[in-house]
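Please keep the sequence and the structure in view while reading.

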Amino acid sequence: MAATTSTFKLSLLLSLLSVSFSGIRSDTLQNAGAIPPTCKRIECPNYDIIQVGNGYEIRRYNSPVWISNSPIQDISLVEATRTGFRRLFDYIQGKNNYKQKIEMTAPVLTEVLPSDGPFCESSFVVSFFVPKENQANPPTAKDLHVQRWKTVYVAVRQFGGFVSDSSVGEEAAALKASIAGTKWAAAIEKSHRAGHASVYSVAQYNSPFEYDDRVNEIWFLFDMENELHAM
């Protein structure tokens, strides 16, 4: 009976994801620096706000732990996220080596390494933030692996609505434009050249059941510690 209930819940979630991701345009949020409302209800990774700028903020995340899919090849971020989410849902429902259920957290994070052309497959890594109580020894599972981040800096742009394949490119371009000419842009470019970060990531905070006050984010991850030590 429990297995049937979990299967029904997953099927319903995925059907809603299919409709909501593809059919509704995103809207840029103006409240840079605001904590996503979801993080007042469920656990999210802690961070320090370093700077709030025009259309962006800079955060410092201190060693969050994630459970991540192996890279998924697809032409669509939406479809890749659905594939990765299905595996992660099974994981938190107890399909792991401890057979342990894990509390839902936010955000679901999709790292993006775009392809060279519009009709070529990109690479996506979909991750779930591991709750603090499980971080010391998180369960493992087939085709999933643990990521333990060191201190990492993130340039962030928030936007609302439901994520679509077209919206993420627009929002990533807008974030790049908003930080152009800053020391953050230089640090991000240096990290990308060194191969230390994906091109960008998409953080989604809401259940597909939620239609109001949705918050999504574009993330540019970069290393700033070495730059600060050099100053």
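Arginine 59 is buried, with a relative accessible area of 0%, where buried means under 20% relative accessible area, exposed over 50% and partly exposed in between, using a 1.4 Å probe and protein chains only. The model is predicted, and local features need pLDDT of at least 70, side-chain atom pairs count only at pLDDT 80 or more, and totals for chains, interfaces and linings use all residues. Residues are numbered from 1 along each chain as its sequence is written, and side-chain values use heavy atoms, with hydrogens and water left out.

**Salt bridges between strands**

- A salt bridge is taken as a side-chain nitrogen of Lys or Arg within 4 Å of a carboxyl oxygen of Asp or Glu, and by this rule the count comes to seven salt bridges.
- Arginine 59 forms one of these with glutamate 217, and the closest N and O atoms of the pair are 2.6 Å apart.
- This pair links distant parts of the chain, since arginine 59 lies in strand β3 and glutamate 217 in strand β11 (residues 216-222), 158 residues apart; helices (H or I, at least four residues) and strands (E, at least two) are DSSP runs, numbered from the N terminus.
- Glutamate 217 also counts as buried, at 0% relative accessibility, and a network of salt bridges links Glu57, Arg59 and Glu217.
- Arginine 60 forms a salt bridge with aspartate 48, with the closest N and O atoms 3.1 Å apart.
- Here too distant parts of the chain are linked, with arginine 60 in strand β3 (residues 56-61) and aspartate 48 in strand β2 (residues 47-53), 12 residues apart.
- Both partners are partly exposed, arginine 60 with a relative accessible area of 24% and aspartate 48 at 31%.

- Glutamate 79 pairs with arginine 82 in a salt bridge whose closest N and O atoms are 3.2 Å apart.
- Both residues lie in helix α2 (residues 77-92), three residues apart, which is about one turn of the helix.
- Glutamate 79 is partly exposed, with a relative accessible area of 34%, whereas arginine 82 is buried, with a relative accessible area of 15%.

**Helix α3 and glutamate 171**

- Glutamate 171 is found in helix α3 (residues 165-178) and is buried, with a relative accessible area of 6%.
- The side chain of glutamate 171 makes a polar contact with the side chain of arginine 157 at 2.7 Å; such a contact is a pair of N or O atoms within 3.5 Å, where within protein one must be able to donate a hydrogen and the other to accept it, and residues adjacent in sequence count only if both atoms are side-chain atoms.
- The buried residues in α3 include Ser167, Val168, Glu171, Ala172 and Leu175.
- These residues cover an arc of only 130° around the axis, which puts them on the same side of α3, the arc being that of the directions from the helix axis to the C-beta atoms.
- On the other side of α3, Ser166, Lys176 and Ala177 are exposed.

**Helix α4**

- In helix α4 (residues 183-193), the buried residues are Trp184, Ala187, Ile188 and Ser191.
- Seen down the axis of α4, the buried residues fall within an arc of 100°, so they line one face of the helix.
- Among the elements that cover the buried residues of α4 are β2, β3, β9 (152-160) and β11, with contact meaning heavy atoms within 4.5 Å.
- Just after α4, glycine 195 takes a positive phi of about 75°.
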